[in-house]
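Here is a friendly briefing to read alongside the model. Please have the sequence and the 3D view open as you go.

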Amino acid sequence: MHFDNIGMRYGMGSEVLKDISFNLKPGSLHFLTGPSGAGKTSLLKLMYLAQRPSRGKITMFNEDVTAAKREDLPKLRRRIGVVFQDFRLLDHLTAVENVALPLRISGGKGAEIEEHVEELLTWVGLKGRMKSRPPTLSGGEKQRVAIARAVIKRPDILLADEPTGNVDPAIAKRIMHLFVELNKLGTTTVIATHDMSLVEEIGADRLHLQEGRLHMIRAGENTPNLPNLNEEKFDSLAFDSGKLNQNEFGPKVISGDDMS
């Protein structure tokens with residue numbers, strides 16, 4: 001996954017992501033950190049192809065996905081597993097049925113699906129909850145069902161948005177180690193989190209966002225004292241409005257309708 005000078009804005013607002021560039025090697029594990037409002041969710045949306053950037057180039061699976069046609073996006077998305085912060089499970093389906101859904105959509109056969117799903121749910125510690133529906137599951141159990149659903153098709157890339165935000169510390173540690181084990185199988189993994197104790201325990205590199213700008217922090221390094229851009233003084237900057245033209249306002253803004 002390669003991001004090259006990415007900028008992103010919603011509508012005509014200011015950029016929420018600014019000059020983002022990084023390269024994630026296949027099979028790598030990274031945490032995505034930063035304060036609330038720094039742009040973590042926006043960056044994840046770009047990673048799982050829910051949004052297009054306003055400028056720059058994203059390369060995934062040896063393809064320029066920023067130039068991909070709309071009809072080609074579903075095929076690319078099937079190679080990406082996503083664990084959402086709010087789980088997004090279907091309440092009328094059992095745990096087994098929720099996890100099996102991606103396989104059924106792609107045309108898998110019933111007996112093979114059930115065997116594979118049950119094996120995976122056992123692996124994540126839900127052997128006794130397979131026939132339970134989401135409303136009867138705890139937060140940690142729902143999260144593990146969501147993880148199982150995200151990895152059931154062995155995605156090339158696994159993204160998780162605050163996967164431990166709704167569970168107690170013991171379950172959080174168990175969930176995080178599930179991601180580590182999945183990463184050891186060769187899945188490129190990015191985990192957005194505020195839990196720095198787990199980040200330090202796992203010891204992976206971090207993509208750290210601060211006011212829309214990215215800083216790569218190696219494992220074991222502390223977060224640098226980054227300036228608060230809102231407090232910086234710009235007295236030395238002078239703008240000549242007479243020299244501005246339409247091209248200087250940046251690239252065409254892509255609306256949400258263009259990104260589905």
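In which strand does Arg-206 lie? Arg-206 belongs to strand 9, which covers residues 205-210; helices (H or I, at least four residues) and strands (E, at least two) are DSSP runs numbered from the N terminus. This is a predicted model, in which local features need pLDDT of at least 70 and side-chain atom pairs count only at pLDDT 80 or more, while totals for chains, interfaces and linings use all residues. Residues are numbered from 1 along each chain as its sequence is written, and side-chain values use heavy atoms, with hydrogens and water left out.

**A buried arginine**

- Arg-206 is buried yet has no salt bridge. Here buried means under 20% relative accessible area, exposed over 50%, and partly exposed in between (1.4 Å probe, protein chains only), and a salt bridge is a side-chain nitrogen of Lys or Arg within 4 Å of a carboxyl oxygen of Asp or Glu.
- The nearest side chain of opposite charge to Arg-206 is that of Glu-200, 6.8 Å away. For charge, Lys and Arg count as positive and Asp and Glu as negative, with His and the chain ends not counted.
- What does the side chain of Arg-206 make a polar contact with? The partner is the side chain of Thr-33, at 3.2 Å. A polar contact is a pair of N or O atoms within 3.5 Å; within protein, one must be able to donate a hydrogen and the other to accept it, and residues adjacent in sequence count only if both atoms are side-chain atoms.

- Strand 7 (residues 157-161) has 5 of its 5 residues buried, so it is largely enclosed by the rest of the structure.
- In a regular strand the side chains alternate between the two faces of the sheet. In strand 7, Ile-157, Leu-159 and Asp-161 point one way and Leu-158 and Ala-160 the other way, and all are buried.
- Strand 6 and strand 7 run parallel and are joined by 4 bridges; two strands pair if DSSP finds at least two bridges between them. Val-82 stands opposite Leu-159 of strand 7.
- Strand 7 also runs parallel to strand 8 (residues 188-192), with 5 bridges joining them. Asp-161 has Ala-192 as its bridge partner in strand 8.
- From strand 7 the chain passes through helix 6 (residues 169-184) to strand 8, a β-α-β crossover that is right-handed. That term applies if, with the strands pointing away from the viewer, the path from the first strand over the helix to the second runs clockwise.

- An open sheet of 4 strands has the order 2-1-4-5, with antiparallel pairing. Strand 2 (15-23) and strand 5 (63-64) stand at the edges with a single partner strand each, so one side of each is left without a neighbour in the sheet.
- Strand 1 (residues 2-9) pairs with strand 2 in the antiparallel sense over 5 bridges, and Phe-3 stands opposite Phe-22 in strand 2.

- Helix 1 is mostly covered, with 6 of its 8 residues buried. These are Lys-40, Ser-42, Leu-43, Leu-44, Leu-46 and Met-47.
- Most residues other than glycine have a negative phi. Leu-49, though not a glycine, has a positive phi of about 65 degrees. Leu-49 is found in the loop between helix 1 (40-47) and strand 4 (55-60), and counts as buried at 6% relative accessibility.
- Arg-88 is not a glycine either, and has a positive phi of about 60 degrees. Arg-88 sits in the loop between strand 6 (80-83) and helix 3 (95-105) and is partly exposed at 47%.

**Salt bridges**

- The count of salt bridges comes to 9. One of them joins Glu-15 and Arg-55, with the closest N and O atoms 2.8 Å apart. This pair links distant parts of the chain, with Glu-15 in strand 2 and Arg-55 in strand 4, 40 residues apart. Glu-15 is buried, with a relative accessible area of 16%.
- Glu-201 forms a salt bridge with Lys-173, the closest N and O atoms being 3.9 Å apart. Glu-201 lies in helix 7 (residues 196-202) and Lys-173 in helix 6, so the pair ties together parts that are 28 residues apart in sequence.
- Lys-184 and Glu-181 form a salt bridge with closest N and O atoms 3.3 Å apart. The two are 3 residues apart in helix 6, so about one helical turn separates them. Lys-184 counts as exposed at 61% relative accessibility, whereas Glu-181 is partly exposed at 36%.
- Salt bridges that share partners join Glu-15, Asp-19, Arg-55 and Arg-213 into one network.
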